[in-house]
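Thanks for coming, everyone. Please have a look at the screen, and then I'll walk you through a few places in this protein.

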Amino acid sequence: RPDDSIKRSEVARVAISELGLESVALGSEGSSKFADVPLTHWGLGYINVAASRSLVVGDDGVHFRPDDPITISEAAVIFTKMLGYDPKADAAGGYPTGYMITAENIGLFEGVSQTSGNATRSTIAKMAENALEIKMMEQTGYGSNVQFEVTDKTILKDTLNVEKLYGQVTGNKFTRLNGTSSLKDNQVEIEGKIYKDVTGQATSLLGYRVMYLVKTNNNTSRENEVIMAVEDANAMDRLEIDGENVVSLTGDTSKKLEYWRDKQSDSKTKIANIAEDAKLIYNSKAADFDKNLIKPESGTITGVIELIDSNRDDVFDIISVIHYENYVVDSTSEASHKIYDKYDKGFLTLDPDDSDTKFSLTKGGADIKFSDLKEWDVLSVAKSLDGSAITVKVSEKSVEGTVTEKSKEYVYIDGEKYKVAENYTETISIDDT
């Protein structure tokens, strides 16, 4: 709800969370600093800590109005104080003008279109993001020589122990760009360094150049953690092609991939230049370069081919092929970890105790358990050539309607086109419902 307003209590929580003081807030719920914040209010601890750090003062020090929407100027006060710039804001005229001017000058409003009125949730999110990397102001002189100076410290690095880095994801639990992997399920390799991948975001971006945040663990026995990773679109180019749209791959040194971008509307094919030493990732695992894995001698790839140009020289140096097989769950056995297919594909084994095989089982982008599978779930399964890496995406989507048209490979249900899976064995006829 990015365009909704946001409450004063909610912004207090944003500020305290950004300062890494959530545990302190949870321990500060025994009393209330404001007459209108009852002991039962969900934000009590956050408001108390914000008040104790002088980020908020309330109306005449007595009332906080926790459930009122916060204004842009009120939010500017909280973030400006959080960064230590309140002396500068007071010198510029105080509330509200001095704080608004100071917030603008230090970059709090970068990328923010609002200048007045109630702040929206998206505005507060952007201000909070900006605040992470703004250099903080600290008092350096005391007594008769009070001074404040801008330091090199930031909330991100010096308060939260998080570093913002850029690099290429070079390995995950399945494989490395340059060979086999010995990484654990929750580990990822970026630029040759190994981290714990807290969210799994980095693991899914093998070969990508990314912006990533690393949280440093002071306990030397624990790995540093990647807490966020996103594609660095400024450092790489990426092209995704439906496997069915690949026409040919020619050349041994200077390779060219011919493909359709859109068969329905394009009048001619397009060409992608492939590096001589391009690396091939087939179904999540590095493989020797084989044209037949990208464009089979007969048939097509049922899945996706992704090309990555990791240095933006208009030549793609990584080719990732995801070739799916379809399973429809008939039944499962938790004892043997087998999934039995309804249409004669036999069974699929996902055994967590098998040290020779690593797998992922996801639904809607989130990990699920084997026990979550149920009859009629549709599985898109990608297996590496040696069977040691298996990725499974689960869907329960279905469609109801009347078959209005059919061909050898496709069926139309109420006019919508669907491809018939190769392993589907039942007969489909016109007018079937």
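Start with a definition: the expected span of a helix is 1.5 Å times one less than its number of residues. Keep in mind that what you see is a predicted model.

Now take helix α7, residues 121-132. It has 12 residues, and 16 Å is the expected span. In the model, α7 reaches 17 Å from its first C-alpha to its last, which is close to that expectation.

Which residues of α7 are buried? They are T123, I124, M127, A128, N130 and A131. Look down the axis of α7: these buried residues fall within an arc of 160°, so they line one face of the helix. What does that face pack against? The buried residues of α7 pack against α1, residues 8-18, against α4, and against α8, residues 155-159.

That brings us to α4. Helix α4 covers residues 72-82, and helix α6 covers residues 97-106. The two pack at an angle of about 65°. Their axes are 9 Å apart. The crossing of α4 past α6 is left-handed. From α4, the contact uses I72, S73, A76, V77, T80 and K81. From α6, it uses Y99, M100, T102 and A103. Sort the residues of this contact by type, and you get 6 nonpolar, 3 polar and 1 charged.

Next, the strands. G171 sits in strand β3, which covers residues 162-171. Is G171 buried or exposed? It is buried: its relative accessible area is 0%. Leave out residues up to four places away in sequence, and G171 touches R176, L183, V188, E189 and L206. G192 is 21 residues from G171 along the chain, and their C-alpha atoms are separated by 8.1 Å.

On to S320, in strand β14, residues 316-323. Its relative accessibility is 16%. Buried means under 20%, so S320 counts as buried. Setting aside neighbours within four places in sequence, S320 is in contact with I281, V304, I305 and E306.

Last stop: a loop. D386 lies between β20, residues 378-383, and β21, residues 389-395. Its relative accessible area is 52%. The cut-off for exposed is over 50%, so D386 is exposed. Now find K285. K285 and D386 are 101 residues apart along the chain, yet their C-alpha atoms are separated by 9.2 Å.

That's my tour. Over to you for questions.

Terms used:
Residues are numbered from 1 along each chain as its sequence is written. This is a predicted model: local features need pLDDT of at least 70, side-chain atom pairs count only at pLDDT 80 or more; totals for chains, interfaces and linings use all residues. Side-chain values use heavy atoms; hydrogens and water are left out. Axes are lines fitted to C-alpha atoms, for helices over the stretch in contact, and angles run from 0 to 180 degrees between N-to-C directions. Helices (H or I, at least four residues) and strands (E, at least two) are DSSP runs, numbered from the N terminus. A crossing is left-handed if the near helix is turned anticlockwise from the far one by less than a right angle, and right-handed if clockwise. Contact means heavy atoms within 4.5 Å. Ala, Val, Leu, Ile, Met, Phe, Trp, Tyr, Cys and Pro count as nonpolar, Asp, Glu, Lys and Arg as charged, and the others, Gly among them, as polar. Buried means under 20% relative accessible area, exposed over 50%, partly exposed in between (1.4 Å probe, protein chains only). The arc is that of the directions from the helix axis to the C-beta atoms.
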